[in-house]
Amino acid sequence: MIVSVGAMSLTSTASATASHLGHPAAALAGTCPDSLVHAVRAEVRRGLGWQPTADCVARALRARLPDPAAILPVPLRRGDPAGYQSHLLYAEPDGTFSISVMVWLPGQQTMIHDHVAWCVTGVLQGREYEEIFALAGGGRALRLAGRNVNPAGAVSGFAPPGDIHRVSNTGDTVAISMHVYGADISLLGNSIRREYTLPLHP
């Protein structure tokens, strides 16, 4: 059975280690590999458009997917029956990108949503099922445009406006995925721009 859970919020078990643009930072929940931060920073500083940046960051992440045990402590890798969890690992001081890890118990899923900026995801453990949607009926409905089953090792990058989707853990084990966003989610709280409750057209 799939359990719908609303917009994710950042969670943490560690104290903040930095401030961003004069604002208090959200507490960091784990460790982000320096090599990944440097690689993402280099791609972002190229100043490409959103989709090309997502594509470049996806290549960088694919080459550097970490072991979940190296970035999150055991309690945060177990999941939470109350809903899927997003744990902030890093936010660039200039606000251009942030990196988090999401942990899903079997059956947990997002609402249908889009994003404030480009996004890259990499599955570290388990399996995630993604449904991609497009606006239909003059923007008054959604139609299913695609489905992806993403096993461990799968990496994808996308950017608005073609970023309306729903993600769920359809496996029977905890799923863990890394997410790189072209925005500072330590200030925004999450990457979601809008949740969609429109009817689905066949």
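Which share of the contacts in the chain with a separation of 6 or more comes from residues 24 or more positions apart? It's 79%, with contact meaning heavy atoms within 4.5 Å.

Some ground rules first. This is a predicted model, where local features need pLDDT of at least 70 and side-chain atom pairs count only at pLDDT 80 or more, while totals for chains, interfaces and linings use all residues. Residues are numbered from 1 along each chain as its sequence is written, and side-chain values use heavy atoms, leaving out hydrogens and water.

**Whole chain.** Switch to cartoon: there are 5 helices and 16 strands (DSSP runs numbered from the N terminus; helices are H or I with at least four residues, strands are E with at least two). Of the 202 residues, 50% count as buried (buried is under 20% relative accessible area, exposed over 50%, partly exposed in between, with a 1.4 Å probe and protein chains only).

**Select 85-91 and 98-104.** Strand 5 runs antiparallel to strand 6, joined by 6 bridges (strands pair if DSSP finds at least two bridges between them). Look for Ser-86 opposite Met-102 in strand 6. In the hairpin, with 6 residues between the strands, Gly-95 takes a positive phi near 80°.

**Zoom to Ser-100.** Ser-100 sits in strand 6 and is buried, at 0% relative accessible area. Leaving aside neighbours within four places in sequence, its contacts include Ser-86, His-87, Met-178 and Ile-185.

**Now the nonpolar core.** The term means a set of buried Ala, Val, Leu, Ile, Met, Phe, Trp, Tyr and Cys residues joined through side-chain atoms within 4.5 Å. The largest has 29 residues, and Ile-99, Trp-118, Val-120 and Met-178 touch the most other members. Among the elements giving two or more residues to this core are helix 1 (34-44), helix 2 (50-62) and strand 14 (175-181). Apart from it lies another core of 11 residues, including Tyr-84 and Trp-104.

**Last stop: charges.** Expect 4 salt bridges (a side-chain nitrogen of Lys or Arg within 4 Å of a carboxyl oxygen of Asp or Glu). Pick Asp-114 and Arg-193, whose closest N and O atoms are 2.6 Å apart. This pair links strand 8 and strand 15, 79 residues apart. Then select Arg-166 and Glu-131, which meet at 2.8 Å, N to O; Arg-166 is buried, and so is Glu-131.
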